Amino acid sequence: MQSLCYIRCVRRLWGPVQSSRLLKVTHMHRSSRQLQHKKVMEDNKPWALISEVGELGYIEEVMDILKQHFHIICHKDFLQNSLLHGPKIQAILMWENLPAAEPSLLRLLPSLKVLANGGVGIDHLDLPYITSLGVKVTNTPGVVSDATADIAMGLLLASARRIVEGHQMVADPNIAYIAQNLMGVEVTGSTLGIIGMGHIGCKIAQRGKGFDMKILYHNRSRRSVEDEQAVGASYRENMDDLLKESDFVMLAVNLTPETTGLISHRELSLMKPTATLVNISRGLVVDQDALVKALRSGTIRAAALDVTHPEPLPRDHPLLGLPNVLITPHVGTNTYATTRKMVQKMADNALAVLNGQSIPNEVKPK
Amino acid sequence: MEEEKAWALVSELGGDHGYLEEMADILKQHFQLVCYRELLQNPALHGPKIQVLFMWKYFPAAEPWLLRSLPSLKVVASGGVGTDHLDVPFINSLGVKVANTPGVVSDASADLAMGLLLASARKILDAHRIAVDPKTVHIPQSLMGVEVTGSTLGIVGMGEIGYKIAQRSKGFEMKILYHNRTRRSVGDEQAVGAGYCRSLDDLLRRSDFVVIVVKLTSDTTGLIGHRELSLMKPTATLVNISRGQVVDQDALVEALQSGRIRAAALDVTHPEPLPRDHPLLGLPNVLITPHIGISTYDTARAIVEKMVENALAAVKGLPLPNEVKLQ
């Protein structure tokens, strides 16, 4: 009988004024009736936990997407009364690895059904642990790929052609204007070696092709002939060969136990002294101490990194002081359009879990 | 019997503004060299010998008094494709040919154009500054950029360099529009998926990125002024790799300050370099590089080789591969 009251209340709110017959909810208090109105309007929406809006959290411009589908509670507010809020929360919508999926948090969320991550990398998540709690994990593959491939090319070109140094020379009175000192290396016709030829790696290859770059790739498994031919890519089963032949080495792998420290002293010394390392995967894929050494000694020409370990680097880290390093603070997906797509995908994934529908991007432990 | 090498005038060798050693070696293979400073010290000795003037980054300038002091001069061989800095009719009137180096500059210039476009769109300069700044505590949300993939690129000037820019942007699935004095062939257009805009205004209205790749002529001076900038989208970026004077710089400053356009990325300005207190240098949404469009070892080498090729032809009285003739 109570549900009928809800429906009638809704009709009263949205439709023309009805007769008092619809208001025959006599066994309810007026104040709780008002609460019922509010609850009816919002009751369909599940509760979701986020880190914050602004600062390290979501940009304001995407909150409409989340608020359309969820009651949103910020971590700070949640902590003020975790006993009250905890049991309501069915979803964590994780952005920039926050709020951290620690046992101390998950323990407070008995109704949690899904942890929807913004971004495709999930190396920061203890998958076996989270799923053991009966919580599904989802990510956002696909929608991140274009923006990430664009940044990869942007870093490659900026490094090769010394664009940042160029601007500094023009704008900074303390730097002598000697344009001659800004000789760079040729991109057109050079050899691009892509390590990790997944969705993002392939898009980088596509872009490299437009510059008449010769494309080599190394991957756990070889791609199809069609995929290779579409971008003119040649497989290098042995990563060492790719390192020896490339003018630009591009890291586009997942971070896993196998890829941790993939590029260290040995690999850097195999590279050409005129070569550039570009990393858009994860900081831990590269041995940073080995990289510092290689850059200082001229073992390689330069490096361009969108990712480091940690992020951000400590302010006295040697990488920050090197003239032949370009670092961006993990901005691979930082466009309004891509950010919106990621948030939409997170929402879609979370809702699919909560509605018991087929989940577009579930990540399962191996 | 080996002929004695002809004498050529260069700006300087080595130092901050002179030829890099590698390039100087290419010149020395075929010519005996006199530096500008040496010529000034003893014009009577050196002047009459010189048959070639090698011009690199506008030096030595082909001033009338200089040319008149070189009675045996046969050619001014300029490095680069632009010739707006040369008074070709005047030089020709002295019986001296002018040569440039088209073709070899195109790849590097197109690469830089794309580099500037991407660096501006994705705020790479700001991002790097923040990443290395000792005072950085956390990353501001203002590092949000604009999407390049799938956006609309408007190329103003679809010559060899403009076309190569179109080829590169195709890999980013950009929608390509172009404006040119003449329309390109259907085959050319289809190869890069470029749509012709007979009206420049039309291109300006529709583009997310406007790239200027024209020659500097009396027709293109001030091509992009207040009116053109106001036709552009407020989210659009202007990229200029042609010449500083193609853009009305005061109008550009105003447009950037008022948000009439989102940002600008310039490899060329007027003058070069800009005075350190120029308003363009103070704007947060401007990226400027010091005319480094051809600054790679490979391309610089190829340019010098072409300069030599043209100069040798002139000395031998043969047709020049790249003579600049009056229209």
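Reader: What area is buried between chain A and chain B?
Author: In this predicted model, about 5400 Å² is buried between chain A and chain B, and carbon and sulfur atoms give 59% of that area.

Reader: Which three residues of chain A supply more of its buried area than any other three?
Author: A:Arg161, A:His167 and A:Met183, which supply 14% of what chain A buries against chain B.

Reader: And how many residues does each chain put into the contact?
Author: Chain A puts in 60 residues and chain B 59 residues.

Reader: How many salt bridges are there between chain A and chain B?
Author: The count is zero. Polar contacts do occur across the interface of the two chains, in 30 residue pairs, with both residues at pLDDT 80 or more.

Reader: Which elements of chain A give two or more residues to that side?
Author: Helix 8 (145-160), helix 9 (163-171), helix 10 (199-209), strand 12 (325-327) and helix 16 (336-354) of chain A. Helix 8 of chain A gives the most, with nine residues.

Reader: How does the side of chain A that touches chain B split by class?
Author: That side has 33 nonpolar, 17 polar and ten charged residues.

Reader: Switching to sheets. What is the strand order in the open sheet of seven strands in chain A?
Author: The order is 8-7-6-9-10-11-12, and the pairing is parallel. Strand 8 (233-235) and strand 12 of chain A are the edge strands, each pairing on one side only. Neighbouring strands of this sheet are turned by 20° against each other on average, direction ignored.

Reader: What packs on that sheet?
Author: Helix 14 (residues 288-297) of chain A does, touching strand 10, strand 11 (302-305) and strand 12 of chain A. The direction of this helix makes about 140° with that of strand 11 of chain A.

Reader: Now chain B. Which order do the five strands of its open sheet have?
Author: They run 2-1-3-4-5, with parallel pairing. On average, neighbours in this sheet are turned by 25° against each other, direction ignored.

Reader: Why is one side of strand 2 and of strand 5 of chain B left without a neighbour in the sheet?
Author: Strand 2 (31-35) and strand 5 (97-99) of chain B stand at the edges and have a single partner strand each, so one side of each has no neighbour in the sheet.

Reader: Which strands of chain B does helix 14 lie across?
Author: Helix 14 (residues 297-315) of chain B lies across strand 1, strand 2, strand 3, strand 4 and strand 5 of chain B, running at about 160° to strand 3. Helix 1 (residues 21-30) of chain B lies across strand 1 (6-10), strand 2 and strand 3 of chain B, at about 125° to strand 2.

Technical notes: Residues are numbered from 1 along each chain as its sequence is written. Chains are lettered from A and ligands numbered from 1 in the order in which they are written. This is a predicted model: local features need pLDDT of at least 70, side-chain atom pairs count only at pLDDT 80 or more; totals for chains, interfaces and linings use all residues. Side-chain values use heavy atoms; hydrogens and water are left out. Contact means heavy atoms within 4.5 Å. Buried area is the accessible area (1.4 Å probe) that two parts lose on being put together, summed over both. A salt bridge is a side-chain nitrogen of Lys or Arg within 4 Å of a carboxyl oxygen of Asp or Glu. A polar contact is a pair of N or O atoms within 3.5 Å; within protein, one must be able to donate a hydrogen and the other to accept it, and residues adjacent in sequence count only if both atoms are side-chain atoms. Helices (H or I, at least four residues) and strands (E, at least two) are DSSP runs, numbered from the N terminus. Ala, Val, Leu, Ile, Met, Phe, Trp, Tyr, Cys and Pro count as nonpolar, Asp, Glu, Lys and Arg as charged, and the others, Gly among them, as polar. Two strands pair if DSSP finds at least two bridges between them. Axes are lines fitted to C-alpha atoms, for helices over the stretch in contact, and angles run from 0 to 180 degrees between N-to-C directions.
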